[in-house]
Amino acid sequence: MTAAEKPLDNPSRTFGRAWEDIRSGIKQRDLWGHLGWQDIKQRYRRSVIGPLWITMSMAVTAAGLGILYSTLFKANIGTFLPYLTVGFIVWNFIVGCVTEGTETFIANEGLIKHLPAPLTVYALRTVWRLTLMMAHNLLVYFVVLAIFFSALTTANYQMTAGGILQPGLDWTVVLAIPAFFLIALNGVWVALLFGIISTRYRDIPQVINALIQLVFFMTPIVWSADILHDRLGAGTELWKTLVLELNPLYHYVEIIRAPLIGSAQSWHHWVIVGGITLVGWALALVALRNYRARVPYWV
């Protein structure tokens with residue numbers, strides 16, 4: 001092949017262009033902020049109480065399952081119900097970033113074809129919409145906190161009889177703020193990476209939705225590590241490693257749930273989430289570099 005016959009490099013496939021897409025997307029916060037809020041308004045249009053249905057749905061789910069599982073596991077309702085409530089709130093946000101993130105570009109097909117905006121805008125739209133929904137769900141947490149405040153602020157409280165001693169709610173509750181921003185940061189790379197892959201391979205969203213059902217039961221949302229130790233007895237380190245430590249979603253849930261309920265915090269959760277964040281953003285940048293220009297043709 002002669003020099004004249006060699007294909008020219010695509011000038012758009014550079015990391016500089018990928019970074020520019022991210023920077024431009026963040027700067028257009030008026031656009032993705034408005035679109036995300038419109039998504040909420042559109043979903044509950046003509047509804048009497050509007051987005052408060054989000055709060056009511058979470059309240060009913062948390063109360064019903066909290067009472068049921070605290071009875072089944074013989075757990076203290078005063079500490080188990082807040083544990084389950086926060087777990088559900090965080091889980092819904094994380095799973096929303098994964099499941100809705102896979103369809104970020106597919107759902108925005110019309111805008112992508114007619115609105116010259118960075119791809120990051122659509123990822124931020126998804127995460128912002130889920131953030132608004134989480135804000136509505138947090139109202140349930142504050143109600144539960146008010147009801148069971150004395151139980152959560154008791155030093156060395158236990159979730160179940162003979163369980164791990166928890167320090168109780170204190171100033172470390174503020175760690176929930178950076179924890180949320182870290183999870184939201186992960187939500188953006190998830191929407192970018194899986195959104196691009198799912199645009200090319202339309203079976204990916206279905207596969208992820210199926211796997212999420214399994215991961216939910218493997219993640220301590222309606223059960224706790226205390227209960228796992230209680231049921232399996234001594235020699236549970238292998239099970240704990242397989243069921244908990246190798247489940248990345250467990251670490252994401254724990255960095256924000258632990259400070260909100262005064263539970264014992266382990267910094268290795270932050271280290272693992274931080275490592276996954278770096279790897280995830282590196283993969284998202286590679287995907288943006290190589291396939292950003294192809295997304296409008298794939299949708």
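Trainee: How do you know that the span of helix α1 (residues 15-27) agrees with its 13 residues?

Mentor: Happy to show you, bearing in mind that this is a predicted model. At 1.5 Å a residue, the helix should span 18 Å, and its end C-alpha atoms are 18 Å apart, so the two agree.

Trainee: Which residues of α1 are buried, and what do they pack against?

Mentor: They are A18, D21, I22, S24 and G25. These buried residues pack against α2 (29-43), α7 (119-147) and α14 (267-291).

Trainee: Let's turn to the rings. What makes the pair F80 and Y83 stacked?

Mentor: A search of the whole structure finds 11 aromatic pairs. In the pair of F80 and Y83, the ring centres are 6.0 Å apart and the planes stand at 25°. Pairing needs centres within 6.5 Å, and stacking needs planes under 30 degrees apart, so this pair is stacked. Both residues are buried, and being 3 residues apart in helix α4 (residues 77-102), they are separated by about one helical turn.

Trainee: Why is the pair F180 and F181 called edge-to-face?

Mentor: Its planes are 65° apart, with 5.8 Å centre to centre.

Trainee: How do you know whether F180 and F181 are buried or exposed?

Mentor: F180 has 18% relative accessibility, under the 20% cut-off, so F180 counts as buried. F181 has 57%, over the 50% cut-off, so F181 counts as exposed.

Trainee: What makes R289 a charge over the ring of F15?

Mentor: The charged end of R289 sits 5.2 Å from the ring centre, and the distance limit is 6 Å.

Methods:
Residues numbered from 1 in each chain as written. Predicted model: local features only at pLDDT ≥ 70, side-chain atom pairs only at ≥ 80, totals over all residues. Heavy atoms only, no water. Helix = DSSP H or I, 4+ residues; strand = E, 2+ residues; numbered from the N terminus. Expected span 1.5 Å × (residues − 1). Buried < 20%, exposed > 50% of the residue type's maximum accessible area, 1.4 Å probe, protein only. Contact = heavy atoms within 4.5 Å. Phe/Tyr/Trp six-rings, centres within 6.5 Å; stacked < 30°, edge-to-face > 60°. Lys NZ or Arg CZ within 6 Å of the ring centre and 35° of its normal.
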